[in-house]
Amino acid sequence: MNPSRTFIIRPVATSLLMVGIMLVGGVAYKQLPVSALPEVDYPTIQVVTFYPGASPDVMASAVTAPLERQLGQVPGLQQMTSISSDGSSVITLEFNLSLNIDVAEQEVQQSINASGTYLPRTCRRLRFTVRPIRRIRPF
């Protein structure tokens with residue numbers, strides 16, 4: 001017996017079955033969750049620098065700029081942003097999705113240690129904090 005014979009003999013039942021399947025498919029399609037911007041864990045690290053008593057201009061030119069030059073050479077770096085204010089600066093480093101955050105943190109720490117020669121001698125009281133950010137959502 002041919003499986004298509006049943007559908008040929010009963011065209012009304014076949015049409016109703018087809019409409020029912022299409023309605024169920026349409027309702028199921030409307031229920032699918034769609035996100036324009038999916039949640040992604042970007043490997044992101046913030047380097048926070050404290051230099052008490054320094055103005056924003058001094059922080060930007062004497063501390064943040066040399067650190068940015070040195071950190072810009074870290075492999076896998078995708079984006080770097082920085083903010084300098086009175087006595088502190090924050091450099092945010094965003095890496096490729098394939099890079100492990102722990103490896104990136106070690107490379108950033110090595111770059112900070114290597115940047116000591118580029119910082120002015122008056123910056124002996126600098127304090128660095130390197131902290132990975134585990135959850136960043138795109139805008």
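I began with glutamine 106, which is found in helix α4; helices (H or I, at least four residues) and strands (E, at least two) are DSSP runs, numbered from the N terminus. The model is predicted, and local features need pLDDT of at least 70, side-chain atom pairs count only at pLDDT 80 or more, and totals for chains, interfaces and linings use all residues. Residues are numbered from 1 along each chain as its sequence is written, and side-chain values use heavy atoms, with hydrogens and water left out.

**Entry 1: glutamine 106**

**Entry 2: helix α4**

I compared the length of α4 (residues 101–114) with expectation: at 1.5 Å a residue its 14 residues should span 20 Å, and the end C-alpha atoms are 20 Å apart, which agrees. The expected span is 1.5 Å times one less than the number of residues.

Which residues of α4 are buried? I noted Ile101, Ala104, Val108, Ser111 and Ile112. They cover an arc of only 100° around the axis, so they lie on the same side of α4; the arc is that of the directions from the helix axis to the C-beta atoms. The face turned away from this buried side carries the exposed residues Gln106, Gln110 and Asn113.

At the start of α4 I found a side-chain oxygen of asparagine 100 within 3.3 Å of the backbone nitrogen of aspartate 102.

**Entry 3: serine 111**

Serine 111, also found in α4, counts as buried because its relative accessibility is 12%. I listed its contacts, leaving aside neighbours within four places in sequence: Gln70, Leu71 and Val74 (contact means heavy atoms within 4.5 Å).

**Entry 4: the strands**

I then took β3 (residues 88–95), where 6 of 8 residues are buried. β1 is mostly covered as well, with 6 of its 7 residues buried. The two strands pair in the antiparallel sense over 7 bridges; two strands pair if DSSP finds at least two bridges between them. Threonine 44 has glutamate 94 as its bridge partner in β3, and threonine 49 has serine 89.

β2 (residues 77–85) is joined to β3 by 8 bridges, and these strands run antiparallel. In β3, serine 82 has isoleucine 91 as its bridge partner, and isoleucine 83 has valine 90. β2 and β3 form a hairpin with 2 residues between them, and glycine 87 in the turn has a positive phi of about 75°.

**Entry 5: glycine 53**

Where is glycine 53? I placed it in the loop between β1 (44–50) and α3 (56–71). Glycine 53 counts as exposed because its relative accessibility is 84%. Its C-alpha atom and that of aspartate 86, 33 residues apart along the chain, are separated by 7.1 Å.

**Entry 6: the core**

I looked up which of the 18 residues in the largest nonpolar core touch the most other members: Ile45, Val47, Leu71, Leu93, Phe95 and Val108. β1, α3, β3 and α4 each supply at least two residues of this core, and the largest share, 5 residues, comes from α3. A nonpolar core is a set of buried Ala, Val, Leu, Ile, Met, Phe, Trp, Tyr and Cys residues joined through side-chain atoms within 4.5 Å.

What is phenylalanine 95 in contact with, leaving aside its neighbours within four places in sequence? I listed Pro43, Ile45, Val74, Pro75, Gly76, Leu77, Gln78, Ala104 and Val108.

**Entry 7: totals**

Of the 139 residues of the protein chain, 26% count as buried. Among contacts between residues at least 6 apart in sequence, 71% join residues at least 24 apart.

Terms used
Buried means under 20% relative accessible area, exposed over 50%, partly exposed in between (1.4 Å probe, protein chains only). A polar contact is a pair of N or O atoms within 3.5 Å; within protein, one must be able to donate a hydrogen and the other to accept it, and residues adjacent in sequence count only if both atoms are side-chain atoms.
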